[in-house]
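Visitor: I am new to this structure and should like to learn how to read its features. May we take them one by one?

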Amino acid sequence: MSIALLLLFVEEANAQCAMCKAVTESSSQADPNQLNTGAGINKGIIYIMFIPYLLLGFLFWHFFKDRIKGFLLDMGVIGG
């Protein structure tokens with residue numbers, strides 16, 4: 001249900017922080033031919049996004065590694 005609501009309001013969802021928007025607007029006004037600023041901001045967003053997912057993945061593995069191994073053994077995917 002929530003995914004359907006998110007898909008309905010895609011046009012109105014601006015997921016850009018005020019600082020990122022200010023930097024890109026000021027740099028594009030200073031030099032309209034410069035394309036490196038957008039690429040640098042995108043790399044920074046990916047870097048910032050990667051760390052929490054890495055930590056969550058490690059915590060998931062740490063707490064559920066025995067259950068996952070037992071499930072895979074029961075399914076016959078791995079050998080004991």
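Guide: Let us begin with a charge and a ring. A charge sits over a ring if NZ of Lys or CZ of Arg is within 6 Å of the ring centre and within 35 degrees of the ring normal. Here Lys65 lies over the face of Trp61, 5.0 Å from the ring centre. This is a predicted model, in which local features need pLDDT of at least 70 and side-chain atom pairs count only at pLDDT 80 or more, while totals for chains, interfaces and linings use all residues. Residues are numbered from 1 along each chain as its sequence is written, and side-chain values use heavy atoms, with hydrogens and water left out.

Visitor: What is the mean pLDDT of the chain, and which elements have the lowest and the highest values?

Guide: The predictor's confidence in each residue is called pLDDT and runs from 0 to 100. Where pLDDT is low, the predicted coordinates should not be read in detail. The chain has a mean pLDDT of 75, and 65% of its residues reach 70 or more.

Visitor: How many aromatic pairs does a search of the whole structure find?

Guide: A pair of aromatic rings is described by the distance of the centres and the angle of the planes. Rings of Phe, Tyr and Trp (its six-membered ring) pair if their centres lie within 6.5 Å; planes under 30 degrees apart count as stacked, over 60 as edge-to-face and the rest as tilted. The search finds 2 such pairs. In one of them, the ring centres of Phe58 and Trp61 are 6.1 Å apart and the planes stand at 40°, so the pair is tilted. Phe58 and Trp61 are 3 residues apart in helix H3, and therefore separated by about one helical turn. Phe60 and Phe64 also form a tilted pair, with 5.1 Å from centre to centre and 45° between the planes. Being 4 residues apart in helix H3, Phe60 and Phe64 are likewise separated by about one helical turn.

Visitor: Is Phe60 buried, exposed or partly exposed?

Guide: Buried means under 20% relative accessible area, exposed over 50%, and partly exposed in between (1.4 Å probe, protein chains only). Phe60 is partly exposed because its relative accessible area is 47%. Phe58 is partly exposed at 49%, as is Phe64 at 34%. Of the 80 residues of the chain, 4% count as buried.

Visitor: Which residues form a nonpolar patch on the surface?

Guide: Like charges are joined within 9 Å, and nonpolar side chains (Val, Leu, Ile, Met, Phe, Trp, Tyr) within 5 Å. The patch includes Ile46, Tyr53, Phe58, Phe60, Trp61 and Phe64. Its residues together have about 1,200 Å² of accessible area, a quantity that comes from the Shrake-Rupley method with a 1.4 Å probe, where for residues only the protein chains shown count as cover.

Visitor: What separates the C-alpha atoms of Val23 and Ile41?

Guide: Those atoms are 9.0 Å apart, while Val23 and Ile41 are 18 residues apart along the chain. Val23 lies in helix H2 and Ile41 in helix H3. Val23 is partly exposed at 40%, whereas Ile41 is buried, with a relative accessible area of 19%.

Key:
Patch = residues over 30% accessible without salt bridge, like charges linked within 9 Å, V, L, I, M, F, W, Y side chains within 5 Å. Salt bridge = Lys/Arg side-chain N within 4 Å of Asp/Glu carboxyl O. Helix = DSSP H or I, 4+ residues; strand = E, 2+ residues; numbered from the N terminus.
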